[in-house]
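I set down what I looked up, entry by entry.

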Amino acid sequence: MPVFVSVPTLLRSYTQDSKRVQAQGTTVREVVDDLERRYPGIRSRLMDVQQLHRFVNLYLNDEDIRFLDNLDTVVADRDELTILPAVAGGAR
Amino acid sequence: MLIISRALLDAAMTHAQQQHPLEACGVMPGRQGTDRPSRWVPMVNHAGSQTFFQFEPREQLRVWREMDAQQEEPVVIYHSHTASDAYPSRADIDFANEPHTHYLILSTASGCEYPVRSYRIANGQVIEESLRIVDVDTRAA
């Protein structure tokens with residue numbers, strides 16, 4: 001059951017420069033686990049053991065997974081998962 | 001070196017002045033590989049803060065998808081510092097996640113001697129670059 005994952009510039013060093021890759025899983029967490037199997041090291045850029053990093057956003061189709069069931073959100077065949085690191089900073 | 005049209009720079013600076021004392025932020029997309037920003041997209045500062053900015057996540061998703069569809073990339077990402085120099089803070093360096101982007105910082109602090117400065121930021125390293133402001137957009141069609 002493939003899910004299509006859109007990879008941001010910063011993480012393309014893990015995916016041999018691919019901006020869109022496939023992964024398998026029935027939940028977002030399983031998809032991330034599968035990404036880690038295919039592209040070792042990528043998971044720690046997205047999450048720690050339990051949860052998504054605060055400044056990483058994951059969208060399933062157009063929905064922020066934080067407003068769904070977070071990492072337990074169920075994914076369907078051919079869903080689109082978009083990884084988008086926050087753009088942030090400032091003087092402090 | 002960042003080459004930028006006066007019109008784009010003026011738009012960003014006006015945005016920064018209008019938002020002052022809150023930090024303003026935005027992006028200037030350009031065609032992939034050209035290294036020249038071609039349009040200006042002001043973004044909502046989701047943090048609504050005088051010392052921090054964050055692109056509003058859903059707006060960012062929309063703009064990033066739009067860029068993708070038009071074979072563009074974020075050539076420039078800008079934000080303002082409203083009470084300090086136009087130099088990257090620790091947070092600016094930690095959050096910089098686009099290795100090909102020119103990070104433009106605009107200072108609206110009163111008496112700031114150099115209010116517009118541009119940087120490359122990658123892997124914790126900051127490299128200031130020169131800035132060339134062009135009056136007429138001379139890009140090849």
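Entry 1. With which residue does A:Lys19 form a salt bridge, and how far apart are the closest N and O atoms? I looked this up in the model, which is a predicted one. The partner of A:Lys19 is B:Asp68, and the closest N and O atoms lie 3.1 Å apart. That distance meets the rule, because a salt bridge requires the nitrogen and the carboxyl oxygen to be within 4 Å. I then looked up the count between chain A and chain B, which is two salt bridges.

Entry 2. I turned to the interface as a whole. On one side, 20 residues of chain A are in contact, and on the other, 26 residues of chain B. I noted that the size of an interface is often given as the accessible area lost when the parts come together. For chain A and chain B, the buried area is about 2,200 Å², with 55% of it on carbon and sulfur atoms. I also found 15 residue pairs in polar contact across this interface, both residues being at pLDDT 80 or more.

Entry 3. Which strands of chain A each supply at least two residues of the side that touches chain B? I found strand 3 (56-60), strand 4 (63-64), strand 5 (80-85) and strand 6 (88-89). Strand 5 of chain A gives the most, with three residues. By residue type, I recorded nine nonpolar, six polar and five charged residues on the side of chain A that touches chain B.

Entry 4. I next examined pairing between the chains. Strand 6 of chain A and strand 4 (residues 53-54) of chain B run antiparallel and are joined by two bridges. Here A:Gly89 stands opposite B:Phe53.

Entry 5. I looked up the sheet of chain A. It is an open sheet of five strands in the order 2-1-5-3-4, with mixed pairing. Strand 2 (20-24) and strand 4 of chain A are the edge strands, each pairing on one side only. Strand 1 (residues 2-6) and strand 5 of chain A run parallel, joined by three bridges. Within strand 5 of chain A, A:Leu81 is the bridge partner of A:Val5.

Entry 6. Which helices pack on this sheet? Helix 1 (residues 28-38) of chain A does, touching strand 1, strand 2, strand 3 and strand 5 of chain A. Its direction makes about 115 degrees with that of strand 2 of chain A. Helix 2 (residues 57-69) of chain B also packs on the sheet, touching strand 3, strand 4 and strand 5 of chain A. The direction of helix 2 of chain B makes about 110 degrees with that of strand 5 of chain A.

Notes:
Residues are numbered from 1 along each chain as its sequence is written. Chains are lettered from A and ligands numbered from 1 in the order in which they are written. This is a predicted model: local features need pLDDT of at least 70, side-chain atom pairs count only at pLDDT 80 or more; totals for chains, interfaces and linings use all residues. Side-chain values use heavy atoms; hydrogens and water are left out. Contact means heavy atoms within 4.5 Å. Buried area is the accessible area (1.4 Å probe) that two parts lose on being put together, summed over both. A salt bridge is a side-chain nitrogen of Lys or Arg within 4 Å of a carboxyl oxygen of Asp or Glu. A polar contact is a pair of N or O atoms within 3.5 Å; within protein, one must be able to donate a hydrogen and the other to accept it, and residues adjacent in sequence count only if both atoms are side-chain atoms. Helices (H or I, at least four residues) and strands (E, at least two) are DSSP runs, numbered from the N terminus. Ala, Val, Leu, Ile, Met, Phe, Trp, Tyr, Cys and Pro count as nonpolar, Asp, Glu, Lys and Arg as charged, and the others, Gly among them, as polar. Two strands pair if DSSP finds at least two bridges between them. Axes are lines fitted to C-alpha atoms, for helices over the stretch in contact, and angles run from 0 to 180 degrees between N-to-C directions.
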